[in-house]
Amino acid sequence: MAKKRRPQPKATAPQLVDGEVPVVGAREPCPCGSGRRYKACHGRAASHAVTELVRRPFEGLPGEPDWVALRELVPAATAQLTLKEGLPEGVPSVTLATVLPMAWPALRRDNGEVLLGLQNDTSSGDISRDLADTLGRAFETEPGSAVDAGRPRPEGPRLQDLLDLKAPFTPEVHSGFEFWLGDGSDSATGEVAASLERANSAAIPTARLSVAQGAYWCETPEKNHLRWVMTHPEEKLLDALARLHAAGTSSLGDDTRLVGSFRAHGLVVPVWDLPSGMTSEDCEKPAAEFNERLGEALTTGTVLTADERRARSGLMNRQITLS
């Protein structure tokens with residue numbers, strides 16, 4: 001005779017203890033008092049919330065195209081950040097930096113200034129929440145110390161909650177990473193010096209165009225490039241680029257060519273090949289003229305012609321996604 005199975009007790013429903021359940025290690029007992037491990041209890045929802053990908057993490061911030069460019073394209077740049085509620089006591093300024101020494105997430109200088117690194121690996125699917133969490137921990141870090149990586153709370157604030165959304169966002173592109181040394185009175189030693197040397201040797205000369213947000217020229221050994229982060233809806237932008245490409249007006253002048261595009265953080269980034277002698281200053285006028293042509297093409301409501309569809313297909317075939 002088959003042995004009768006003993007009925008299994010139902011799992012105890014999690015009981016909250018005085019409000020929010022804090023984040024603990026996955027294998028630790030859940031702080032809610034259920035008796036289960038955190039990963040099998042409140043950690044499930046927290047893990048899902050933390051890993052869920054936010055397609056446009058910088059949407060709503062002033063200068064969204066520049067945020068994307070500084071995250072993906074620009075080697076060395078800084079930008080001053082303005083907080084919605086003002087600076088905490090003892091923090092004279094907050095500066096966004098593309099990269100910090102040894103890939104630190106953030107740094108609290110001796111004078112209390114905070115530098116926030118943008119190009120670091122993040123622990124969740126929302127870069128904005130990760131950066132906001134790092135910024136909050138930087139404010140609590142002792143001056144003269146680096147800020148370690150952490151794990152943001154799923155319900156924690158995002159940059160859009162902390163920054164003044166009416167303040168301008170104006171990146172300053174640097175030729176190297178000497179901005180790590182502050183006002184220049186400091187000197188790099190040890191690991192910082194080695195990190196500075198490596199970073200400077202790998203930096204590609206880059207400049208920001210004045211024609212629009214997110215437009216960056218760069219110099220490489222064989223040819224130069226213009227990479228332009230745009231916020232136009234993707235389908236409309238690709239149609240407009242196809243119209244210009246089919247009409248032979250998608251270039252920026254002689255020996256230049258629109259070679260394709262890529263996606264980064266929910267935005268499309270068209271890319272042009274430029275001759276090696278074409279400087280960032282040389283790009284300003286043709287880029288402004290292209291921007292006018294693009295604006296007209298974006299407002300065209302007609303269906304794409306056969307030539308325009310072929311041009312669009314070619315552009316799509318050369319499109320990649322970075323994030």
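Because the model is predicted, local features were required to have a pLDDT of at least 70 and side-chain atom pairs a pLDDT of 80 or more, whereas totals for chains, interfaces and linings use all residues. Residues are numbered from 1 along each chain as its sequence is written, and side-chain values use heavy atoms, with hydrogens and water left out.

The protein contains eight helices and 12 strands, taken as DSSP runs numbered from the N terminus (helices, H or I, at least four residues; strands, E, at least two). Of its 323 residues, 45% count as buried, where buried means under 20% relative accessible area, exposed over 50% and partly exposed in between, for a 1.4 Å probe and protein chains only. Among contacts (heavy atoms within 4.5 Å) between residues at least 6 apart in sequence, 61% join residues at least 24 apart.

Helix α2 (residues 64–72) is largely enclosed by the rest of the structure, because eight of its nine residues are buried; these are Glu64, Pro65, Asp66, Trp67, Val68, Ala69, Leu70 and Arg71. Burial also applies to Pro152, at 3% relative accessibility, which lies in the loop between β5 (145–147) and α4 (159–162). The C-alpha atoms of Pro152 and Asp130 are 5.8 Å apart, although the two residues are separated by 22 positions in sequence.

The axes of helix α6 (residues 234–246) and helix α7 (residues 280–298) come within 9 Å and cross at roughly 115°, the axes being lines fitted to C-alpha atoms over the stretch in contact, with angles running from 0 to 180 degrees between N-to-C directions. The two helices, α6 and α7, are therefore roughly perpendicular to each other, a class that covers angles of 65 to 115 degrees. On the α6 side, Lys236, Leu237, Ala240, Leu241, Arg243 and Leu244 meet Phe290, Arg293, Leu294, Ala297 and Leu298 of α7. By class, this contact of α6 with α7 has eight nonpolar, no polar and three charged residues, with Ala, Val, Leu, Ile, Met, Phe, Trp, Tyr, Cys and Pro counted as nonpolar, Asp, Glu, Lys and Arg as charged, and the others, Gly among them, as polar.

A search of the whole structure for disulfides finds zero, the criterion being a pair of cysteine sulfur atoms within 2.5 Å. For Cys218, the closest cysteine sulfur is that of Cys283, at 9.8 Å, which is too far for a bond.

Definitions and conventions. Angles under 35 degrees count as roughly parallel, over 145 as roughly antiparallel, 65 to 115 as roughly perpendicular and the rest as oblique.
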